[in-house]
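Have the sequence and the 3D view ready as you read.

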Amino acid sequence: MPSAPEPPSPRAAASPDKSPERIAGMFDAIAPRYDLLNHLLSAGIDKRWRAAAIRSLQLTGRETLIDVCAGTADVALASRPGAARVVGVDFSGAMLALGLQKVRAAGETSRIYLVRGDAMRLPVADRSADAVTVAFGIRNVQKPEIACAEMARALRPGGRLAILEFGVPRIPGIKPLYLWYFTHVLPRIGRAISGHGAAYSYLPASVGTFAPPAEFLATLRAAGFSDVRADPMTLGIVYLYTAVRA
């Protein structure tokens, strides 16, 4: 069985550069092949992950949803018919441009609005949302604790939060195989298809230095959330974090 070293803990390795300018530029560069690679590298399971996140929000069709780190609007589109209105926020102009094309093609322009902005300074009013989502973007934020506080600010009391983020499987036998794929195979595929080597080397580095579940749950509590949970999905490859605005 292929083996790989344990991923460095957040305190044992320096976090990659997550300045907004660098991250936005990186996603601008890979935007044309982003959706293809998401589906390819996850074997299509990414669609199920997003659907699970939307279900956790318990939407009734009347809510306003803010999708942070919206990318190409996959979560916003997956929220139909649950959310009455969706505001997608991302700081990559190229990703939002592709998302807008998808929104228009789906005939959803009256329901989904895409706005360029920073997760650490959300361009929304206090208590203006019933639900907030982040799909595989919180680890890319320079200061996740600020983004969490911003999401709490945007939510009405009782509003729900759903965050999808990569994790590291804890199951013996699965963990080394996954780490081998994630650190050696995935970057090569990503580089070959996107033509951007740094982005798909950044991915395992950003996951390896992101806060473990217990620590991230503490960050959510400190930001003003209650009923916080971290549910592993697909053998712990991904975690679904859920919480309620206190």
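Here is a short tour of one serine, a pocket and the nonpolar cores.

## A serine in a loop

Keep in mind that this is a predicted model. Start at Ser-42, which sits in the loop that links α1 (20-41) to α2 (46-56). Is Ser-42 buried or exposed? Its relative accessible area is 12%, and the cut-off for buried is under 20%, so Ser-42 counts as buried.

What does Ser-42 touch? Its side chain makes a polar contact, at 2.9 Å, with the side chain of Asp-46. If you skip the neighbours within four places in sequence, Ser-42 is also in contact with Leu-37 and Trp-49.

## The largest pocket

Now look for the largest pocket, with a volume of about 560 Å³. It is lined by 30 residues, and the closest to its centre are Leu-41, Phe-166, Phe-182, Leu-186 and Leu-203. The elements giving two or more residues to this lining are α1, α2, α6 (174-194) and α7 (197-208), with the largest share, seven residues, coming from α1.

What is the lining made of? Sorted by class, it has 23 nonpolar, four polar and three charged residues.

In soluble globular proteins, nonpolar side chains tend to be buried together. The largest nonpolar core here has 45 residues, and Trp-49, Leu-164, Phe-166 and Val-238 touch the most other members. α1 gives the most to this core, with eight residues. Apart from it lies another core of 32 residues, including Ile-138 and Phe-216.

Definitions and conventions
Residues are numbered from 1 along each chain as its sequence is written. This is a predicted model: local features need pLDDT of at least 70, side-chain atom pairs count only at pLDDT 80 or more; totals for chains, interfaces and linings use all residues. Side-chain values use heavy atoms; hydrogens and water are left out. Helices (H or I, at least four residues) and strands (E, at least two) are DSSP runs, numbered from the N terminus. Buried means under 20% relative accessible area, exposed over 50%, partly exposed in between (1.4 Å probe, protein chains only). A polar contact is a pair of N or O atoms within 3.5 Å; within protein, one must be able to donate a hydrogen and the other to accept it, and residues adjacent in sequence count only if both atoms are side-chain atoms. Contact means heavy atoms within 4.5 Å. On a 1 Å grid over the protein atoms alone, a cavity is a set of points where a 1.4 Å probe fits but cannot get out, and a pocket is an open set with protein on both sides within 12 Å along at least five of seven lines; lining residues have an atom within 4 Å of a point. Grid points are joined across faces, edges and corners, and a volume is the space filled by probe spheres set on the points. Ala, Val, Leu, Ile, Met, Phe, Trp, Tyr, Cys and Pro count as nonpolar, Asp, Glu, Lys and Arg as charged, and the others, Gly among them, as polar. A nonpolar core is a set of buried Ala, Val, Leu, Ile, Met, Phe, Trp, Tyr and Cys residues joined through side-chain atoms within 4.5 Å.
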